[in-house]
Amino acid sequence: MMQRSVLLFAGLFCLFAFVGWVLGAANISLLLVQSFAYALIALGLNIQWGYGGLFNFGIMGFLMLGGFAVTFVSYPINAEFWNSEGPFLLARALLAFAAGALLVFGASRAHLIGIRGGWKTALTVLAWAVAYIVYRGQIDPAVQYIEGSAGWVGGLGLHPVLGWLFGGVLAAGVAYIVGRICLGLRTDYLAIATIGISEILRALLKNMDWLTRGTLTVSPIPWPTPLPQALQAQGVSISDSFVYSRLGFLAVVLVVVVIAFVLVQRAYGGPWGRMMRAIRDNHIAAASMGKNVTSRQLEIFILGSVMMGIGGAILVSFGQIYDPGSFQPINHTFLIWVMVIVGGAGNNWGAVFGALLIYLTWMVSDPVAQWLFGMISEQTTQAGWGPIPEIQSRASQMRVLVLGLVITIALRFAPQGLIPERVRRER
Amino acid sequence: LNELIFFINTVVISGVVLGSIYAVGAIGVTLIFGILRFAHFAHGDMMTMGGFIAFLLAGMASAAGIVAPVPTGFLVLPIAMVIAAALALGIDKSFYAPLRQRGARPVTLLIASIGVTLIIQGVIRLFFGSGSYSFFDTEPKQLFRIDVPLPDVTRTINFTQPQLLMVICTALAVIALHFFLTRSRLGKAMRAMSDNADLAQVSGINTKLVVRVTWIIAGGLACMAGTMLALDVTLKPDLAFNIILPIFAAAIVGGLGQSYGAIAGGFLIGFAETLAIFNWAILLRPLQDSLPFTLPNNLAVVPTEYKLTVAFIILVIVLLWRPTGIFKGATT
């Protein structure tokens with residue numbers, strides 16, 4: 001077992017080295033940073049699905065939240081907004097929101113003053129409606145004013161690493177709300193509910209122009225490490241500067257991934273991880289042993305989402321651009337599912353291995369498909385059928401097909417993943 | 001009364017159209033869940049695939065010079081449905097059947113359906129790129145106007161020919177399905193299996209045949225829903241992601257495994273969406289004089305961009321209030 005994983009990792013290393021040799025150091029360093037960020041996200045999903053058996057099809061939403069968080073925290077301050085009426089109007093909207101939340105909370109406690117049954121339901125619905133109207137009444141003019149004057153709120157101008165942390169916090173908050181509503185639902189329902197959440201988050205972040213600039217996109221987002229341009233200013237040659245700066249970023253990402261990995265791996269072997277697996281394998285038995293299934297599941301859902309939020313924040317700050325329109329379920333939810341399933345759900349080494357391998361496959365299948373299509377096109381031209389039209393755009397769609405084939409083959413021939421979870425049996 | 005007719009035009013008609021699309025899609029989801037006990041995520045992509053098959057056939061038909069009083073999309077729909085049903089059978093045979101034979105849990109089938117989603121989507125994109133297509137490049141949409149015989153009404157009730165045909169098609173499909181499920185031997189076997197698969201098997205029902213028939217019906221209906229969606233709006237390879245949430249919401253709201261529930265759920269979600277994004281200010285404007293406050297320009301419950309949230313909120317409310325759906329649904 002151990003030998004197999006060592007061999008697989010050695011093979012993966014050779015693969016990366018080969019691709020690096022073909023594509024050049026600058027490209028492979030870019031690929032490495034991104035694939036380790038994905039490894040962090042895959043670890044997050046591995047906790048949720050591999051440890052806890054929770055379906056989360058809303059990874060995209062958490063990645064977007066992380067991206068928004070790092071944009072908001074680390075982007076330079078927009079002085080025009082802070083000097084305008086904007087903050088005042090927003091504060092009023094926030095106050096309205098708080099008042100609405102209080103009202104709804106009060107309605108949910110109405111049974112304390114003797115309102116029960118149908119009356120309480122009616123009161124709750126009324127409270128929601130009133131809260132919604134009050135909030136909309138405040139936020140709509142504020143949004144109109146901000147979008148008309150300063151454009152958007154801008155950032156806070158703080159360090160990007162703080163933004164990553166904030167991404168984790170934000171993801172945790174949303175995961176708490178989602179978990180409170182949806183956990184305890186059956187597997188299929190949870191999957192639909194999380195898809196819904198992520199689509200709603202996407203709709204929100206895409207259309208809240210005052211907060212995220214929506215489709216106008218935000219860039220450049222600062223790095224925690226020196227940018228290539230900064231290195232060039234110090235006299236490093238242009239081609240080297242990209243490699244060095246990306247390696248610097250990679251070091252920071254690696255630190256985050258290693259910390260997360262060690263924590264998660266320790267937790268797996270500990271009583272907490274054992275309890276989680278017990279709940280995953282038979283939640284009825286676990287509940288009868290006195291484990292609070294729902295709150296433990298909420299715990300693990302939040303923990304996994306935090307890692308997704310941080311991973312999303314890292315990806316966005318590395319790419320330097322926040323474009324809510326670029327997030328898609330295929331690239332940001334299903335890709336990660338394929339990583340965990342192919343690597344081996346429940347095994348952290350497997351999740352990391354899957355993340356690195358699948359991301360490499362995902363990125364490489366585009367140029368490979370282009371090369372392949374070029375070859376076929378030449379053949380068809382010679383055969384007199386003419387070349388394949390639009391090779392460029394078709395080849396870039398090829399990777400979706402490759403991803404689908406990979407997960408299908410994995411489910412068929414290695415349903416436990418390449419590095420399966422090791423089930424230890426005590427005698 | 002002009003306002004009321006505007007209301008009928010924007011809410012009732014588009015609600016009925018949207019509702020029929022959702023209903024036809026949701027029936028497929030709910031049938032597959034009832035028989036095979038897993039949420040078939042690739043259903044949205046099967047719809048897109050069906051839409052593209054119909055699009056190709058329509059292109060061929062118009063190239064062959066076939067002219068009909070109905071849009072070519074509807075003319076080729078039966079053939080497209082047959083092809084889509086065959087493809088659905090093929091998908092089951094090559095992706096789900098091997099896993100079922102190994103005795104995989106429904107969750108594994110759910111994950112396998114992600115793989116199918118990706119493969120279908122990849123193939124469609126490989127052939128059609130990522131642009132959008134329309135059935136009405138070569139032929140115009142015929143518009144019906146019905147004058148309302150009432151004094152001082154200037155607006156007319158408007159709807160297009162495809163919209164009318166869509167509703168008729170949905171009604172036909174629903175009636176056919178009803179007779180199939182209640183009258184035919186196979187339909188009864190299907191209902192028996194969806195109630196209790198083991199019991200159905202021991203009482204001599206050919207479960208393999210039932211599974212095949214389920215895929216044929218689901219594939220054909222998915223093709224129909226996809227074509228209708230493509231006729232109503234536009235045809236894009238990534239149509240599936242926008243449609244999967246309302247369709248599953250419709251199936252769950254109706255109670256998974258309940259075909260009639262899926263129809264009810266589809267119309268419920270369709271109407272809720274159109275009602276939520278309707279600008280109520282238009283309807284209230286004539287009453288302005290008797291209202292104590294001035295009306296804002298836009299009084300929609302949610303802005304149009306957040307249409308998707310409506311389906312989701314209904315889903316959450318139903319799940320909290322009645323977890324098995326309006327009609328009592330099946331469980332895994």
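Visitor: How much area is buried between chain B and chain A?
Guide: This is a predicted model. In the model, about 4,100 Å² is buried between the two chains. Carbon and sulfur atoms give 75% of that area.

Visitor: Which three residues of chain B supply more of its buried area than any other three?
Guide: B:Ile111, B:Leu118 and B:Leu126 do. Together they supply 16% of the area that chain B buries against chain A.

Visitor: And how many residues does the contact take from each chain?
Guide: Chain B gives 47 residues and chain A gives 44.

Visitor: What about charges? How many salt bridges cross the interface?
Guide: The rule finds 0 salt bridges between chain B and chain A. There are 3 residue pairs in polar contact, with both residues at pLDDT 80 or more.

Visitor: Which helices of chain B each supply at least two residues to that side?
Guide: They are H4 (77–101), H5 (106–128), H10 (239–254) and H13 (307–321). H5(B) has the largest share, with 15 residues.

Visitor: What classes of residue make up that side of chain B?
Guide: It has 35 nonpolar, 9 polar and 3 charged residues.

Visitor: New topic. How many disulfides are there over all chains?
Guide: A search of the whole structure finds 0.

Visitor: Is B:Cys169 buried or exposed?
Guide: B:Cys169 counts as buried, because its relative accessibility is 19% and the cut-off is under 20%.

Visitor: And A:Cys182, buried or exposed?
Guide: A:Cys182 is at 2% relative accessibility, so A:Cys182 counts as buried too.

How values were computed: Residues are numbered from 1 along each chain as its sequence is written. Chains are lettered from A and ligands numbered from 1 in the order in which they are written. This is a predicted model: local features need pLDDT of at least 70, side-chain atom pairs count only at pLDDT 80 or more; totals for chains, interfaces and linings use all residues. Side-chain values use heavy atoms; hydrogens and water are left out. A disulfide is a pair of cysteine sulfur atoms within 2.5 Å. Buried means under 20% relative accessible area, exposed over 50%, partly exposed in between (1.4 Å probe, protein chains only). Contact means heavy atoms within 4.5 Å. Buried area is the accessible area (1.4 Å probe) that two parts lose on being put together, summed over both. A salt bridge is a side-chain nitrogen of Lys or Arg within 4 Å of a carboxyl oxygen of Asp or Glu. A polar contact is a pair of N or O atoms within 3.5 Å; within protein, one must be able to donate a hydrogen and the other to accept it, and residues adjacent in sequence count only if both atoms are side-chain atoms. Helices (H or I, at least four residues) and strands (E, at least two) are DSSP runs, numbered from the N terminus. Ala, Val, Leu, Ile, Met, Phe, Trp, Tyr, Cys and Pro count as nonpolar, Asp, Glu, Lys and Arg as charged, and the others, Gly among them, as polar.
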